[in-house]
Every structure is written in structure tokens, then in C-alpha cells.
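Biologist: Could you take me through one spot on this model in some detail, and then show me the charged pairs too?

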Amino acid sequence: MSEDPNGAASTAPALRQRLAQVRGVSVPPRPLDARALAALAANPGCHRRALLDGAGVDKPRLAEALGVPSGFGQSQFAFMRGHAFEARVKADGGAELLRLAHACLGGGPAPDGGGEVPRLAAPGQTERVARTEEALREAAGRRGGWTLLDHPMLALEVAGSDAYLEPDAIVVHPDGGWSVVEIKSFPMLDGSADAAKVGAAARQAAVYVLALEEAAGRLAERLGGTPAVRHQVLLVCPKDFSNLPTGAAVDVRKQRAVTRRQLSRLTRVEDVAAALPPGVCFDPDRPPDELLRAVESVPASYAPECLSACELAFHCRERARAAGDVTALGRSVRGELGGLTSVEEVLTAAASPDGAGDGDGGDPGTDATVAALRRAARLRTEALATAGAGAPDRGTGCR
């Protein structure tokens, strides 16, 4: 059977139309940013998030319509402070930013003031991606100087659909190397910052590195070779308790490898959309009971880590707890319990019947997980009995 050379081209518009119907034809798509992609890669088994993000559903509005608004996000004060700090870092043609890039990453002679800052404005996302790649091509052909791309647009294919990403900046070094820049408003005290925040920034930057590598691959033929995308990104933060910028090189090779592997494991969005019942739509203006049925029609994979990464986490947690799903206790607990997938199954397995083994060899046919649960239950019972027998009688007043 011969393949249809136009199959992929004909499938893309059909998929976009299907996703628009899922989102709501009158609802503009919510862009999928690097932070959402990093969270999605951390939980690749969640079909619900893959579909909602792929279709561009406004998850904060959807969560509010379901009566479980998300509890995280950046405050208006923090947003304004971060915006002001970023503007300061990029002032004067990015002179301070390029100085930090040279000090932390090298890549050629020190910049003499600001660098080349090409205009990247374009009417749409695909046009902005094309303009960014053209600016990268021009900068690569202009070796010997520094170029700063301010808020470029990159494209990354995720589960069969394109995600459009906007890093804070990309620096093209005089030696031809490309570096991703992450500008954050959390402080760097005595040369170090909060490890959890740096880790989150590294995972986000790793997504940008993957997208930049794809852009480099597309430009390789026109440039006569693939440009070098650095795996060390520049993290810029306020120094100590001031508003002065300082920088550090962060190696994201591990985060990049993990993110790439996890994104490749994502179920393709068209497969999830094809399994939906007819008429499913996630338009937040629809009645709550209709939205609830739509959300529940897509399987989810909840874990406590979702609370800091997904707007629907509170809804999924309620459902997981109501169903007695052990995933609500955490992935580590879920992994230890093997084939036991519900709290009821765990409690039943732990309740050792009379004459049954307790993991010490009394019942050699017992599953190892069940045996461990029974033994833990017996030890807990013994400990509670001992504590109860040795506790003083507190109902008789002062001694």
C-alpha cells in the first residue's frame, strides 16, 4: 500500500479543527508555555492535561467554572517587580546582560557595550517563529559580534501539535554559539539561590533548549552546519537584596534529557481527542454539570506534585480521594504498593485473617507487598497495645 504524501498535511487542519471544537470555537487558544510543558513532561501519563494543553483550553477559567479554582500563580506585585527587573537587565541594548553572558558562559571577546538587537515583531505566532529563525540565521552569519534576541518565539512539537514558546532572551555569541537566558526575580544571596526555584528554572530552560535545538536543525542546511546550542543557560537574578543583576551558568543537560524522554512518551493529542465522546467541549461558559462530564470523560493521572503545577489539581485530588486511589498518597507510595491500586485494596490486604501469614514465613504463597502490609499492620497493633497498656491513667486528677 502506497502512502499518501499529503496525509500529514491533510491531517493537521483536521486536528486543529477538532481541537478548536474541544476548546470551544469562539474561545481563543491559551498558549502552551515552557512552564506548562515542564509540568506536562513531569506527568506524561495524564491524558487530561495533554488534551487540555494541546487544545489550548483555559484551565484557570475551567477550574473556576468547576468550583475548584487553582491556588497558585504569580501575584500582581511579583509580576510588576519581575517585569521592571527584566527591563533593567535588557536596557542599553542588553549591555549588562551581555556582560553577564560573557562572564558566565564565555564565547568570545568581551562585549563593548550593547549588542545587535534585531526586531522580532510579527503579526502571528508562526510568523514570529519565522522571524526569530531568520534573525538567528543572520546573527550566525555575522560572526565576531554579540547579538541579543529579546523575547524570541520558538516552536516545539509536543504530542503531535506545535507549542509556541517565548524565552526571556537568546544570546548569539561571537563564536557562533547560542545560549538561552532565564531572568528571574528571586534573589541570589552570596552567589547562590533557592535550590527548588533554580531547579524549576532549569526545567523550564531545558524546554527552551530543546526548541532552540529544533530551530538549529531546521537552519542547518542554510548555514552549512548545525549551530552549537549550549547546554549551559544563563540564569539572571537580583543580587542579594538589591535590584542589581547577577548571573550564573546552569547546566541543564540532565533536565533536557529527562524532558525530552518524557515528552516523547506523551500520548499524541489526536489519539486522546479521537477517544472522546461526541460533543465534548471545555468552553468555560458552558453549564458546570456539562463541564464536569467533559472533564471526567478524559482519564487523569493525579499525584500530589500536581498541586504546584496544574490548575485542575484540586479537582483531580477530590476525585482521586473519593475513588480511594492510592496515587493521591504520592508516586513513591504508589510504586511500593505494586498491583494494589485503591486504599480499600490496601486495607483489605493488610487485614490478616486468622491463621494467615504475616510475612515471616507463615504463608509462603502470599505476595511480598501483601506480606509487608500484614506485617506492618501487626507491628502497628502491637505498638498501640503496648502504648495503651503503659500509659498513665489521666482520668483520676493530679497525683
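What does Val-333 count as in terms of relative accessibility, and at what percentage?

Modeller: Happy to! This is a predicted model, so local features need pLDDT of at least 70 and side-chain atom pairs count only at pLDDT 80 or more, while totals for chains, interfaces and linings use all residues. Residues are numbered from 1 along each chain as its sequence is written, and side-chain values use heavy atoms, with hydrogens and water left out.

Val-333 counts as partly exposed, at 30% relative accessibility (buried is under 20% relative accessible area, exposed over 50%, partly exposed in between, with a 1.4 Å probe and protein chains only). Val-333 sits in helix H13, residues 331-336 (helices are DSSP runs of H or I with at least four residues, strands are runs of E with at least two, and both are numbered from the N terminus). Together with Leu-329, Val-343 and Leu-347, Val-333 forms a nonpolar surface patch with about 330 Å² of accessible area. Areas come from the Shrake-Rupley method with a 1.4 Å probe, and for residues only the protein chains shown count as cover. Patch members have over 30% relative accessible area and no salt bridge, with nonpolar side chains (Val, Leu, Ile, Met, Phe, Trp, Tyr) joined within 5 Å and like charges within 9 Å.

Now for the charged pairs. A search of the whole structure finds 22 salt bridges, each a side-chain nitrogen of Lys or Arg within 4 Å of a carboxyl oxygen of Asp or Glu. One of them joins Lys-90 and Asp-150, at 2.5 Å from N to O. Lys-90 lies in the loop between helix H5 (76-89) and helix H6 (91-105), and Asp-150 in strand E1 (residues 147-150), so this pair ties together parts that are 60 residues apart in sequence. Lys-90 is buried, with a relative accessible area of 13%, whereas Asp-150 is partly exposed at 32%.

Arg-218 is partly exposed at 40% relative accessibility, and Glu-214 is partly exposed at 32%.

Elsewhere, salt bridges that share partners link Arg-49, Asp-53, Lys-59 and Glu-311 into one network.
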